[in-house]
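Take a short walk through this model.

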Amino acid sequence: MLPADIPDPRDLLDLMDHRDPASVSIAVESSPMPADHERVRIALRNAIDSAHRELSATDIAREAVDAVIARLRGLLDDPEFWDHQSRSLIVFASTERLETFRIANHLIPHVSVGDRFDTGALLRAVAFDYRAYIVLIDEGQTRLFEFGPDHRPAELALDLPEDHHLALEKTTTGGRFDRRRADGRTGDQPERERYARIAQDAVTARIPRGAPLVLAASDDLEPAYRAVNTHGALLETTIPAHPQALGDPARLAAEVRTILDDHHAAELARWREDFGTLRSDGRATSKLTDAARAATEAAVDTLAFDMDETTEGTIDEFGRVAQAAEPGPGTYTLVDEVAARVLRSGGTVRAVRRPDLPDGAPVAATLRFPIDPA
């Protein structure tokens, strides 16, 4: 599995809120292969040189510029930093801060200099999390896999007791175990649920709360696992194959991708239906100007935005939008700023494709309360 550093919303907001006139954001293509690291170093060195030139052309004090560039150049000769890389690398640096993130998907290389970090790529990684987990459980074993948009299922270790299988045995009052039933069933319901509970406790200890979980289980153990499940995002659809038939990663990936596609499509369909109902009550909008003002007033409950939208400009403290003729040090991606304001007020943001948004707009927002139209 490729390494990846995805910040949680609180850490992402901390990066979004950072302000320093000498803020540098760099994205370069990377590689997990050590043989490619020299090429990546050269790309990063060239990006640092570009940032140096841009900073030097501003009125920022030379001492501040030198401090930022020194932080960046320190990465080039840090062996620990180069031990583990992914498909892309994002670096943020300012006079007092240096942050790096490994991203498993491919990013377009870029360098930006301004008074804030360009966190758009990280925002999209958080808001378009196609990551899911798969638990395979049968009488013989329990296995957990992580599935991401850019890699096949990768197995994660589970902290299971060595005698986990004994949970399927019926115990005597003396604490001894009877022989396993010979009728092909994996114990009675209490034994199956005990076995499943041990497994699900180990699974929930390894996966983030709210992450989609897909189940593949033997016929006896599927109802037992669902009966004891405490993970709120266990999907209703089960992989229609016995766990022992899913040893091929390509097949497992295909099975879970079909389930996730259907799950996300159903979620979007429900959201669009809710959007239409709420808009008729004045509690939804697909206008960027209205969404920006609603986000500023902490009125947005959920924001869906076009993950490929790059229009830049500024949004003032009242939520008024000014679109820029061309990008510059004082501008930023408008939908990113709207999303940041939604996150600050406890709302939810989702990155989607433009065809999934109503009216062909770059944003669609459902509101906690109506706002006056602009």
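Buried means under 20% relative accessible area, exposed means over 50%, and partly exposed lies in between, with a 1.4 Å probe and protein chains only. Both Phe81 and Trp82 are buried by that rule.

A word on the source. This is a predicted model, in which local features need pLDDT of at least 70 and side-chain atom pairs count only at pLDDT 80 or more, while totals for chains, interfaces and linings use all residues. Residues are numbered from 1 along each chain as its sequence is written, and side-chain values use heavy atoms, with hydrogens and water left out.

Now the rings. A pair of aromatic rings is described by the distance of the centres and the angle of the planes. Rings of Phe, Tyr and Trp (its six-membered ring) pair if their centres lie within 6.5 Å; planes under 30 degrees apart are stacked, over 60 edge-to-face, and the rest tilted. The whole structure holds 4 aromatic pairs. One of them joins Phe81 and Trp82, edge-to-face, at 5.1 Å centre to centre with 80° between the planes. Phe92 and Phe101 also pair: their planes stand at 65° and their centres are 6.0 Å apart, so this pair is edge-to-face. Phe92 has 0% relative accessibility and counts as buried. Phe101 is buried too, at 9%. Ring pairs link Phe92, Phe101 and Phe117 into a cluster.

Phe92 also lines a cavity. A cavity is a set of points, on a 1 Å grid over the protein atoms alone, where a 1.4 Å probe fits but cannot get out; lining residues have an atom within 4 Å of a point. Points are joined across faces, edges and corners, and a volume is the space filled by probe spheres set on them. The search finds 1 cavity of 30 Å³ or more. The largest cavity has about 30 Å³ of space. Its lining is Ser25, Ile26, Ala27, Ile90, Phe92, His110, Asp118 and Ala121. Strand S1 gives the largest share, 3 residues. Strands here are DSSP runs of E, at least two residues; helices are runs of H or I, at least four; both are numbered from the N terminus.

Last, the loop between strand S1 (23-29) and helix H2 (37-56), where Ser31 lies. Is Ser31 buried or exposed? Ser31 is buried, because its relative accessible area is 6%, under the 20% limit.

Methods:
1 Å grid on protein atoms, 1.4 Å probe; cavity = no way out; pocket = protein on both sides within 12 Å on 5 of 7 lines; lining within 4 Å.
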